[in-house]
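Subject: Structure handover

Hi,

Here is the structure we talked about. Please open it alongside this email; my notes follow below.

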Amino acid sequence: MAVTEAVERKELRPRPNPRALWRFLRMQTAYAPQFVALMLLSLALSALGLAIPVLKQIGIDEGIGARNLPRLMQVVWLSLGVIVVQVVAGYAQAYVACWLGQAAIHGLRTRLFAHLERLSLSFYDRFGHGEIISRMINDLDAANQLVTSGLSALLADLVTLVAISVILFVYDWRLALAVHAVLPLTILVATVLGPRMHRSWMSTRETLAHITTRLNETVYGIRVVKGFAQRTRFLREFDALSEANQEANIQAAKAFGAFLPPIEMCMTLGVAIVFGYGGWLIYRQEMKVGVALAFVMLLQRQFEPIFRLSEFFATVQRALVGLERAFEILDTPVEVADPAEPRALEAAQTVVFDTVSFSYDGRRSEGGSAGGSSPDVLHDICIEARRGDSIALVGPTGAGKSTIVKLLARHYDPKAGAVRVNATDIRDVALESLRGQMAIVQQETHLFSGSIRDNIRYGRPDATDEQVVEAARIANAHEFISDLPRGYDTDVQERGLRLSNGQRQLISFARAVLASPAVLILDEATSSVDPLTEKRIRDALRVLLHDRIAFMIAHRLSTVSESSQILVIDEGRVVDRGRHSELIDRCDLYRTLYHRRFREDDTEQTLLPAPATEGPTRTEP
Amino acid sequence: MRALLRLVPYLRESTHLLAIALLLGLLGQACQVVTPKLIQHIVAEVLEEGRYDHVGLSVALMIGLAALRGLLTFAEIAAGSVYGQRCLRHLRRDLYDSLCRLSFRYFDRVRTGQVLARVTSDFEPLGTALTWGVRMCFRNTVLFIGVLAVCLSMNWKLALIGLAPMPLLAATAFIVGLRIRPAFSDAREQLGVVSSFLQENLQGIRVVQTYCRELEEIRRFTKLSDRLRLANFRAATIDSVYYPLTGLWAFAGSLLVLFYGGHLVMRGALPLSEYIAFEAYVLQLALPMRLLGFMVSELTRAGVAARRIFHIMDQDPDVPEAEDAVAPGRLRGRIEFEGVTFAFEPGRPVLEDLSFTVEAGETVGILGATGSGKSSLAGLVPRFYDPDAGTVRIDGVDVRTLRVDDLRRQVGVVFQDPFLFSGTIRENIAFGKPDASDDEIEQAARQAAIHDFVAGLEKGYQTDVGEQGSNLSGGQRQRLSIARALLIDPRILILDDCTSSVDTYTEHRIQQALEQLRQGRTTLIVAQRPSSVATADRVLILERGRLVEQGPPAALAADPSSYYSRLFDLQRDLQLAS
């Protein structure tokens, strides 16, 4: 569906900036000795490779040709030595290269991850998970190739090419001159056809990426695909993508096929010159036959470095794209960061929103989002809460309720105004000491793979088993958990286990209870729970909350009507506030929201906000 | 390697292309085999006979043969790649098809991220094996045999001595091959672990940050990443033994030729020209021998991939379609459950001995405590699962005798978790009926109370919903998925707790719209609260997978001892408490 569009966007990226390469290399300074070792090994390998033809030539001319057996034996033993050293050096070179490549990637990967953990939620509004994962897994591989085959070979290849020429000229300058006539042709072919081949190869990668994307979506949406009996259509569409990839691959093979003959022609021309002109020299006894053979072997060794060098640019290019995509994440500033001198926060006694305004600030402008440009989502929000208060936020979908609590946990910072805890602006305190006092239960729960016990303990890893059970009891989760065959040790992703949405909400509720926060945030926390359970949770909350501050969001007002203060939010503003009994009398919007449950008469329908007034998207995740 | 053999049927496709490619390859290799002979002629002429008459001819022949070989190679590669790509596409199609056929149960128990990591990363080595691998195997075998034959005919003793290291090479390939397979498989596995950890972490990033667990997560990730580094490194080092080691054996052969051939030449038993040709042949032998190592490692990789892919293709769909399955006509929509028992895990039934009937056109609400089996019940109707005992019938016909797709086309399901595909709003609504007209789409959107929202967007129905609908809020996604189900004009509509993320007012609007839509179709509403099913004709109450109560909501509400009325009162009390 949108696959092509996504790819087009990617193609519009500016040309990669070579500075990313330096930056990447600077990151590897700790590995400088290994880099040097790799270069030296590569050089040694090239030198050894060039020694073989020379030895052969000596063996043939001075050994066999001169009927000198000891000389021949010398050459044989020497060659054997060279080959053994070559094997050892070759292995060592590959070993160091692999080690370096993997170490570099591992370093970058963990740096990226550490940064990801600190990035504020606004970053995750912009980047999809698939995108991040593909950057961290696939793109880094290009960097690996740069280390293992690109950079380490560069110097060695250049030296090899020069060395071959020098050896050839030392042997016989006339023949060397003659064979070098072919060299420009070889370089021309490699530089003209090589990039073409590379381009068609890239196009096979792109079409493959489309296939992967489609595969991803199919697997994630498999229930919908099957539920709507769209398998045949998906198969057809997939096959079309597959066909595009097939075509690209065939084109790439043809480009490769077209590349081979000219290259081989160049090499054969070289050989033909060696034997045509060299034969003449041999005939005139101005050159020995072993030299001709050495010429042929050395000419063949010229080709590999030339080809690799012609590809070097492409390797770097590819790695640069990958590195830049990684650096883009690394360079995303952590908007919500600890202040320079973070203060520790005492247990929260008061929470104050002081005329807070907020906007998502064009963050979703890329990707043509549903919201268009982002106006302010919250305007002049003022809230005051003391220990023991529970504040309820009610209002239509998209009014900005979730955004308010996100500001409290400092997932975002306000655009204007301030959020204060104990009269201290939360931007001045250490994040950990702020968040350490809070627990959030969301509608869309997230459980980590692992046991139910570990999930409940997530916010307080040192809690005892008894405390875990106690928290589960309060959250009404104990009963169903103890019914499971393995109880609290059940893996939440275990084979055959299917926790319902409601049960997952109860587990995350228990997690919040166990964290024993000074501030508890319930964002539609019981939307998928049946009323009986909900009632029991409410009873438990009454006890739990008496010395805490609670923020509750609910579409169903039954959950919030006991709150000490109810804020009616509409279009990012507090339109009214008070207790339930006051609001039900004076606030039309509140009454509408409240009564709708029991479908009393519809006279207030005209007073309702039209759904078109829904604020920017994503305010209610 | 049995998995590799299972690829063979895919290779049988378009065999004429394969034959052409092979023939061209054969001819191309023949040209190559001739070249050293030409060199031999030149050397013999200038060195042994002291003449320079025919050198020009030989050189011209050499160039001509190279040109011919170039053309043949090009044609061979073109034909071979068309062949290989066709095979690959076929395999891919089959894999995708079986992926789509996998049952709901399969996806319930495996981690989606890991399935994906498998399938996507395994495609590539398979592609390489099917296209490049097959051709290379053939090419090099032919070249090897051809050169071998020439060598043997020239001087069999010298040939045998030159080939002495061959068994060592084969042994190297074999031994390293054995060790490399687990290493590659380990590396792939670890990659899957890292990416699913990443996936999980990113999904739960808000939880991670709220509970201040960043450092712990970083520590865990670093450990996993380091394990991946080691696994990759181990595989790569085993892999890198190959090239130098096979090189050693190849050069050892050429060294033996130098040693023994040199002796022969000195004794006058072998002309120098012949020795030189021999030398060239041994060099030609070195290439396929060294590539052998490469091919073994490539094939090993493919074997690992094939095993994992066939593992997926071998999963039995546990909702198999009967061979004589019939396409139902237009359903009337009478649903019958008779003694239905269903379990995700043996011994822990989610539904137990459930019997009830929903008449055509009826609207039935399903209530019950969290985890009582409501969603599972709904999933049995469109045959997402089959019951372990008992029968589900629609219009009196066992659903297992119906064609699955035709059944599902008439059952519209609104899932609890609304999944959207990347693409436009329009594409998502039209998901079940891609050729729907704009009017139909708008109508469905109106009925799902989402039209006003969509119309207010700059690009309207052409707005991109983002990856998995990430540009939309939960409530908006739910309403789009309702519109999606309504568009196919289903005979049976299943609403699985689908208004939990919308506010009361929107829920009310949706319900009003649905009330009209229920006319003439059967509707099942899975819900948490009595208010959501108050307008249903009948309500079923589930408790731990058993049907404990049923009846019209009014009647149930009137009976003070019923679970329904308890819930109903509770809900009202909750509201009026303050």
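Arg420(A) is partly exposed, with a relative accessible area of 28%. (Buried means under 20% relative accessible area, exposed over 50%, and partly exposed in between, using a 1.4 Å probe and protein chains only.) Arg420(A) makes a salt bridge with Asp354(A), with 3.1 Å between the closest N and O atoms. (A salt bridge is a side-chain nitrogen of Lys or Arg within 4 Å of a carboxyl oxygen of Asp or Glu.) Arg420(A) sits in strand 4 (residues 416-421) of chain A and Asp354(A) in strand 1 (residues 350-359) of chain A, so the pair ties together parts 66 residues apart in sequence. Asp354(A) is also partly exposed, at 29% relative accessibility. (Helices are DSSP runs of H or I with at least four residues, strands are runs of E with at least two, and both are numbered from the N terminus.)

A word on the basis. This is a predicted model: local features need pLDDT of at least 70, side-chain atom pairs count only at pLDDT 80 or more, and totals for chains, interfaces and linings use all residues. Residues are numbered from 1 along each chain as its sequence is written, chains are lettered from A and ligands numbered from 1 in the order in which they are written, and side-chain values use heavy atoms, with hydrogens and water left out.

Over all chains, the structure holds 58 salt bridges. One of them joins the side chains of Arg231(A) and Asp97(B), at 3.1 Å from N to O. That pair crosses between chains, from helix 10 (residues 231-283) of chain A to helix 4 of chain B. Both Arg231(A) and Asp97(B) are buried.

In chain B, Glu352(B) forms a salt bridge with Arg546(B), with the closest N and O atoms 3.2 Å apart. This pair links distant parts of the chain: Glu352(B) is in strand 2 (residues 349-358) of chain B, Arg546(B) in strand 10 (residues 546-551) of chain B, 194 residues apart. Glu352(B) is partly exposed at 27%, and Arg546(B) is partly exposed at 42%.

A network of salt bridges links Arg453(A), Asp454(A), Arg457(A), Asp465(A) and Asp489(A).

Nonpolar cores

The largest nonpolar core has 123 residues, and Phe337(B) and Ile429(B) touch the most other members. Helix 4 (residues 55-101) of chain B gives the most to this core, with ten residues. Apart from it lies another core, of 83 residues, including Met136(A) and Ile569(A). (A nonpolar core is a set of buried Ala, Val, Leu, Ile, Met, Phe, Trp, Tyr and Cys residues joined through side-chain atoms within 4.5 Å.)

Leu291(B) lies in helix 11 (residues 272-313) of chain B. Leu291(B) is buried, with a relative accessible area of 17%. Leaving out residues up to four places away in sequence, Leu291(B) touches Met136(B) and Asn140(B). (Contact means heavy atoms within 4.5 Å.)

Chain A overall

Chain A has 20 helices and ten strands. Of its 621 residues, 59% count as buried. The domain assignment gives domain 1 (19-330) and domain 2 (350-606). (Domain bounds come from an automatic or database domain assignment.) The centres of these two domains, taken over C-alpha atoms, are 56 Å apart.

Best wishes
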